[in-house]
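Visitor: Could you show me how to read aromatic pairs, helix packing and nonpolar cores in a model?
Guide: Gladly; let's look at it together.

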Amino acid sequence: MAKLLIVESPAKAKTINKYLGNDFIVKSSMGHIKDLPKTKLGVDVDNNFEPQYKVIKGREKLLKELKALAKKSKNVYLAPDPDREGEAIAWHLAQELGGDKINIFRVNFNEITKKAILQGVDNPGEINLNRVNAQQARRILDRLVGYKISPLLWKKVQKGLSAGRVQSVAVRLICEREVEIEKFVAQEYWTITISVLPSSGKEAEKFEAELYKINGKKSELAKQDEVTPIVEELKKETYIIEDINIKEKKKNSPAPFITSSLQQEAFRRFGFSAKKTMLFAQNLYEGLEIGEQGPVGLITYMRTDSIRVSPEAVKETVEFIKEKFGNEYVLTEIIKRKEKANVQDAHEAIRPTSCRFIPDEIKQYLSQDQYKIYKLIWERFVASQMSPAIYDQTTVTIKAGRFLFRATGLVEKFKGFTVLYEEKKDESEEDKTGRLPVLTKNELLKLLDVKPGQHFTKPPSRYTEATLIKELEDKGIGRPSTYASIVGTVQDRGYVGKEEKRLFPAELGKIVNGLLVTSFPDVVEVAFTANMESNLDKIEEGEVPWQKVLEEFYKVFVNNLNKAEDTMRNVKKEQEKVTDIVCEKCGGTMVVKWGRRGKFLACSNFPACRNAKPWDEKNETVAKEEVSLEVCQNCGKPMVVKVGRFGKFLACSNYPECKTTKPILQEIGMNCPEAGCSGKIIQRRSGKGRMFFGCSKYPACKFVSWDKPVAKPCPVCGAAYILEKFNKSGNISRCSNPDCTWTEKSGV
């Protein structure tokens, strides 16, 4: 009799089948086979929160096939992913396939290699019920929040809305960041930089230093009128090197990737979403066809919060480093890595299953994006076992009368791990990498230039997917298996939008977040949600019964739910507010309505008259002349707002009879800089969806720019405006004058 082994993925089944041979039948469950029903709550809150699982629609035929195979098999091995979701899949399979004559075992594979597969099958275990209970508790918590709050939102706002236990907290973080940005008031400050040259040096030896003390106190210059007399004074001073300090610095190699750090680095380097990164990592874990070797699992399990590495992997990698780079590049001292609290440590860090699968040697078998992720994981892991990089850091203090200047430079002595891999540097690190000439104490310097610099403090940046994941991780919200789904769901639901790779709250997100924060302060409270994650971990460790955690949550939750029924703001009723605007179509009164994309004005004679207008948030009532009604130029019907692949646009309400569309002209708050033009700069999209900026008077005015114009004068040449753009390294501002070299960076 053959043995039956069941995994959750067809790709994984194919790879494992190669290693087990004819003694085994390897099948896929296609993920979960049972779940809570879609049409009702499915949880008996009065009977110890008993879940009412049902076979997922469409899985009946597959389950019947698996049952038939199980009856004919000597042993059944359940091998879904080694995490909570995988344990729940195995548990449900065991319930459905179990019988008096069927031996059922649980096996875990941290990596899909021949050695790991054979070891797992030779040493099977039992289903971890604590892990199952942690998954059940998480699933029921999410179901209670979703199925109890969502109908309330339908009643108070509009149909089709939904709430999520963790996702709602993520939306709250994004909304609160937006409020911080809106309230931020920029503060002006100035710096003074000198360009100097050793008295006997050549032009190539010039270097820069920045003012940091005046009369022994830290330099804090807020206005230009403070700076101007100092600049004049500095032009007359004598510059002498007061002190030179040289320190040897070691930069340790980074730890191997965990789920969150992989998602963050893939975003910084490639702009990949968390979901995209995990998709390619899943491909690499489950196995890909590598020439004559057939399907090969290239990395270990990719959902982990541990930086632990097996001794065998370390040994193999050390030998590889010796061969490839030399003995001096091998890590000889144990690095004390900082790990976050509450690490589950169920799996190793993300690493290649063998460092002998060199990225460039197997590149031909991978897609371009699979190669990028594999190379990133491979280089990071190999580098983690390499020696530190060594630098001499030189700090030079320059005295000029009552002023002290400082210059810092790094001189590389030994590349160490950086010969293979370097983490993305932030701006402060980049400033220290410049070289300094050979200098001596008390040496006189020749002043070449004094450069004052005007700066403004910047508001906190909107979250990117990477920084949101880091924030969630730092606050203990979510787990490695949930980060990608969290940042994806908040966007899919229309609560959060994305512009230039940064997340901002949509109008709908602001409304729903405000309602939830007021009526369900615990559910969307960061510390409460983090504590709930901790409780789920305790359930998995067997420290607390899962029903007790649910009971404590539900007491608070149901009390808030009952209050919200009466006290939650009713957005739907707000649509009954009558304005003083007259409908130009039928003479009726316009009333306030609220839709998925925010407030709008509609004729009170609906449905006889379907006239609608955009709502101006700046006014409680909108004067008639301030409303711009867009009319289809083809058929005369009102235009409506639609959302397409490249954002919002206007489409004729008479669709499909009339298919007229036009872009929405979104002003950015700046007049056209072209001489004699009275147009406004608006945001547009090209035919391929790329954003650019142009004049509203086009085609009469041809002004256009890929970078965003900002009505702020250049601090160097005084040009009327500057240009801003966003790339992987952050925001970059530059002068609009092509002859001016001024630029300024701010980090991601």
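Guide: This is a predicted model. Let's begin with the rings: those of Phe, Tyr and Trp pair if their centres lie within 6.5 Å. Such ring pairs link F49, F520, F528, F553, Y554 and F557 into a cluster.

Visitor: How many aromatic pairs does this rule give?

Guide: The count comes to 17 aromatic pairs. A pair of aromatic rings is described by the distance of the centres and the angle of the planes. Take F692 and W706: their ring centres are 5.8 Å apart and their planes stand at 70°, so this pair is edge-to-face. F692 belongs to strand 29, while W706 sits in the loop between strand 30 and strand 31, so the pair ties together parts 14 residues apart in sequence.

Visitor: Is F692 buried or exposed?

Guide: F692 has 17% relative accessibility and counts as buried, whereas W706, at 47%, counts as partly exposed.

Visitor: Now the helices. At what angle do the axes of helix 6 and helix 16 cross?

Guide: Two packed helices are described by the angle between their axes and the distance between the axes. Here the axes come within 10 Å and cross at roughly 110°. That makes helix 6 roughly perpendicular to helix 16. In this contact, S168, V171, R172, C175 and E182 of helix 6 meet G509, K510, N513, L516 and V517 of helix 16.

Visitor: Which residues touch the most other members of the largest nonpolar core?

Guide: Among that core's 120 residues, they are L5, I16, F109, L298, I299, Y374 and F520. Helix 5 supplies the largest share, 10 residues.

Terms used. Residues are numbered from 1 along each chain as its sequence is written. This is a predicted model: local features need pLDDT of at least 70, side-chain atom pairs count only at pLDDT 80 or more; totals for chains, interfaces and linings use all residues. Side-chain values use heavy atoms; hydrogens and water are left out. Axes are lines fitted to C-alpha atoms, for helices over the stretch in contact, and angles run from 0 to 180 degrees between N-to-C directions. Helices (H or I, at least four residues) and strands (E, at least two) are DSSP runs, numbered from the N terminus. Angles under 35 degrees count as roughly parallel, over 145 as roughly antiparallel, 65 to 115 as roughly perpendicular and the rest as oblique. Contact means heavy atoms within 4.5 Å. A nonpolar core is a set of buried Ala, Val, Leu, Ile, Met, Phe, Trp, Tyr and Cys residues joined through side-chain atoms within 4.5 Å. Buried means under 20% relative accessible area, exposed over 50%, partly exposed in between (1.4 Å probe, protein chains only). Rings of Phe, Tyr and Trp (its six-membered ring) pair if their centres lie within 6.5 Å; planes under 30 degrees apart count as stacked, over 60 as edge-to-face and the rest as tilted.
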